[in-house]
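Let's take a walk through a protein together, beginning with the whole chain and then stopping at a few spots. Keep the picture in view as you read.

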Amino acid sequence: MGCHQKTVRKWLHRFNEQGLDGLGDRPGCGRKRRITEAERSRIIELVRCDPPGRLVREPWGDLAAEDESAPGEWTLDALTEAARRHGIDIQRSQVRRILLAEGVRWRRTRSWITSRDPEFSPKGRGLSACTRIRRRVPRRSARTSSGP
């Protein structure tokens with residue numbers, strides 16, 4: 001089996017003392033979770049709500065945020081700080097692992113709010129040096145792809 005002799009002896013002694021029950025994992029093995037399930041749920045709940053710095057249009061047309069000094073989109077750092085404000089002692093890496101386990105996908109936020117400022121000009125596509133420009137491939141129709 002490729003096991004060390006000490007490992008084999010440990011399992012033999014457990015089997016001799018406890019029978020088949022001794023071969024299973026003992027309760028309490030492994031590292032304990034640092035946060036409770038309720039705290040974990042609260043972090044997931046935070047992701048589902050809007051960040052306090054997100055701009056929303058007021059009924060009279062102005063843009064305003066609940067807290068203008070807060071971030072306008074959720075990042076791992078922003079979520080970590082929000083969790084700490086709610087009394088959850090957590091690290092950035094733990095927030096990341098929780099979100100990955102939940103299947104949360106990170107996407108860049110797109111703002112569809114326009115400005116009434118005449119000097120405002122929206123950004124075009126592919127202006128960033130890191131943004132790839134995808135070339136469109138012409139579709140082949142059914143008539144051109146089939147033979148005679």
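The protein averages a pLDDT of 77, and 73% of the residues score at least 70; pLDDT is the predictor's confidence in each residue, from 0 to 100. This is a predicted model, in which local features need pLDDT of at least 70 and side-chain atom pairs count only at pLDDT 80 or more, while totals for chains, interfaces and linings use all residues. Residues are numbered from 1 along each chain as its sequence is written, and side-chain values use heavy atoms, with hydrogens and water left out.

Confidence is highest in helix H1, at a mean of 90, and lowest in helix H5 (residues 142-145), at 54. Where pLDDT is low, the predicted coordinates should not be read in detail.

Now for the overall plan. The protein has five helices and two strands, where helices (H or I, at least four residues) and strands (E, at least two) are DSSP runs, numbered from the N terminus. Starting at the N terminus, the elements run α-α-β-β-α-α-α. Of the 148 residues, 18% count as buried; buried means under 20% relative accessible area, exposed over 50%, and partly exposed in between, using a 1.4 Å probe and protein chains only.

Let's stop at helix H1 (residues 5-18), where you can find arginine 14. Is arginine 14 buried or exposed? Its relative accessibility is 11%, so arginine 14 counts as buried. Beyond its neighbours within four places in sequence, arginine 14 is in contact (heavy atoms within 4.5 Å) with Gly19, Gly22, Gly24 and Arg26. With a relative accessible area of 41%, arginine 26 is partly exposed.

Next, look at helix H3 (residues 76-85) and helix H4 (residues 92-102), which pack at an angle of about 105°, with their axes 9 Å apart. Axes are lines fitted to C-alpha atoms, for helices over the stretch in contact, and angles run from 0 to 180 degrees between N-to-C directions. H3 is therefore roughly perpendicular to H4, a term for angles of 65 to 115 degrees. Where they meet, Leu76, Asp77, Leu79 and Thr80 of H3 touch Arg92, Val95, Arg96 and Leu99 of H4.

Which residues of H3 are buried? They are Leu76, Ala78, Leu79, Thr80, Ala82 and Ala83. Their cover includes helix H2 (37-48) and H4. After H3 comes glycine 87, whose phi is positive, near 90°.

How values were computed. Parallel < 35°, antiparallel > 145°, perpendicular 65-115°, else oblique.
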